[in-house]
Number of protein chains: 2
Amino acid sequence: MILLLTSDPRDDPEAADAGTADWLAHLEEAMPEETIHTVWTDYDPGDIDIAVIVQPPPGSLAHLPNLVWIHSLWAGVETILADETIPPDIPIVRLQDPHMADTIAEAAAMHVLALHRQMPGYRALQNEHTWKDLGYAETSETRVGILGLGLMGSAAARVLAMLGFAVMGWSTTPKNIDGVESFVGESGLADMAAKTDILVNLLPLTPATERIMSSGLFDRLPTGARIVNLGRGPHVDDDDLLGALDTGRVAHASLDVFWEEPLPADHPFWDHPLITITPHVAAPTGRLTGSRIVADNVRRYRAEGIIPEAVDRRLAY
Amino acid sequence: MILLLTSDPRDDPEAADAGTADWLAHLEEAMPEETIHTVWTDYDPGDIDIAVIVQPPPGSLAHLPNLVWIHSLWAGVETILADETIPPDIPIVRLQDPHMADTIAEAAAMHVLALHRQMPGYRALQNEHTWKDLGYAETSETRVGILGLGLMGSAAARVLAMLGFAVMGWSTTPKNIDGVESFVGESGLADMAAKTDILVNLLPLTPATERIMSSGLFDRLPTGARIVNLGRGPHVDDDDLLGALDTGRVAHASLDVFWEEPLPADHPFWDHPLITITPHVAAPTGRLTGSRIVADNVRRYRAEGIIPEAVDRRLAY
């Protein structure tokens, strides 16, 4: 029996806003043969063998004695991995949605094209009623460096290469993607950064990648490089970024994710002329396609006892 | 012998800004066997058989008794066609640069992605320090209608289809482009408009297309459609556009071209919250690739007497 757990408050279904009702409807449609409970329905905790989760508060799963595995509806699993009430031998499966990868690749393409085409500069000129050509760099000479070549990073790399950019990517293990130069390891990161005009982050958040975008990396970029963060807020050291924007090392930052979300109204990023803010919308999880993937995984488990490949807790992705 | 004519002032080479010197350098490198004059060099007008032009003032070619043909370095030829001092039997060849078509297709992709991804709305929210998800429409359900499927329009159609948009195109004759629905004629225009979420103009400017984007067309769009003008300013009826933005029929307009360029500093478009302005930069003519195309055409003429396909003055493209 399945328990759907989200960040919605347990005591008040009316106040629900994490989409529990909408997820429930999609999941029930995708697997009508399953009984799916929520915190607002009556169930025996001992009956639950699978938890399907969207960022529930820590400790939410502690009352399930017979839990076998957990399916996260988010691609990022840093929150659930930090929950110490979950026994380490319970597999945590994250949603690997190719449709979501396409969606985030589209967001990467949009942000990179806007920076390549000097849109922040033209926006500033429009505010001043100034007609001025800011110049055009050939696409084939605009070098895009992607941090992370997993499902999302490699989808972004392919779209950007298709658009004609000179694409490079950095990952833990070497990757072979048509038209994409592969870099690995610490020295590979430094080498890639030195040639990067636009840096796009699509890494998972792990202890090893937290604050990866800090002065150490910014200082290796060519002067006037631009950055796009579609990963997680803690990938960026905010103070270092503000410093790099001040010195001109980084000419613009397009940020979709932040340490605290919603971004606090008094955060200095909001009014910064060299920062573009979007409210964590790069890759909305498609509830239709996501629910179908979960249903396939649940059915395979019921029929064959096979749990999909789980997150490696040591690597945290 | 070739004469290169631009909009640069004839009396002062120091004040040149239409790129005469840069065009000359590229053209001389591309065809070192040719003598290329400018208004600042000494030549016998009777020696000139080919004029290579970038928007010269009307009457600039009237002194050339033995002119055989004209090669425009711009894709748009509306200005030269309006010059009544040019005998109607002199062929005018326009630059058909596939590289330029790729560049304008890229601009179309950038503007369409930015509108699809609600970037003007997020910009306004950033100004207010407001964190709010404006929702995401599936790319495959976002219908892009392209006005014009010539070299540029079809390049844009292909890139947009590749990005996953539902692409339609309107042209004089039916076109067969993979994944692009073709519309022709006046009723075709109305049919396409009724299904268009984002309308992109890439038509040449002719008497038949002037003010094609006016109330008559806007009224057929679904409420809240967005428009992108990468053609020419006179394709848009400015007052009708302002009216359509007022009523919400058109939710946003991204404009690269205008009736008067530079756009006058007191034009109402500058401060309009629903208009994005770029200063005619969608497709900078690549001087390197453009010069090579001109050189190939000149060589073919010298060797075989063949003048490239000229503009049809009746159709004006």
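Begin by selecting helix α1 (residues 20-30) of chain A, which lies across β1, β2 and β3 of chain A and runs at about 150° to β1(A). Helices (H or I, at least four residues) and strands (E, at least two) are DSSP runs, numbered from the N terminus. Contact means heavy atoms within 4.5 Å. Axes are lines fitted to C-alpha atoms, for helices over the stretch in contact, and angles run from 0 to 180 degrees between N-to-C directions.

The model is predicted: local features need pLDDT of at least 70, side-chain atom pairs count only at pLDDT 80 or more, and totals for chains, interfaces and linings use all residues. Residues are numbered from 1 along each chain as its sequence is written, chains are lettered from A and ligands numbered from 1 in the order in which they are written, and side-chain values use heavy atoms, with hydrogens and water left out.

Next, display the sheet itself. In chain A, five strands form an open sheet in the order β2-β1-β3-β4-β5, with parallel pairing; two strands pair if DSSP finds at least two bridges between them. The edges are β2 (36-37) and β5 (92-94) of chain A, each with a single partner strand, so one side of each is left without a neighbour in the sheet. Within the sheet, select β1 (residues 2-5) and β3 (residues 50-53) of chain A, which run parallel and are joined by four bridges. Here A:Leu5 stands opposite A:Ile53 in β3(A).

Now show both chains. Chain B can be laid on chain A with an RMSD of 0.1 Å by a turn of 180° and a shift of 0.0 Å along the axis (superposed by least squares on the C-alpha atoms of residues with pLDDT of at least 70 in both). The two copies are thus related as by a two-fold rotation axis. Select B:Met110, whose C-alpha comes closest to this axis among the residues of chain B, at 3.1 Å. The copies meet through the same surface, because 100% of the interface residues of chain B are also interface residues in chain A.

Finally, select A:Trp131 and B:Phe258. Their ring centres are 5.6 Å apart and their planes at 75°, so the pair is edge-to-face (rings of Phe, Tyr and Trp, its six-membered ring, pair if their centres lie within 6.5 Å; planes under 30 degrees apart count as stacked, over 60 as edge-to-face and the rest as tilted). A:Trp131, B:Phe258 and B:Phe269 form one aromatic cluster.
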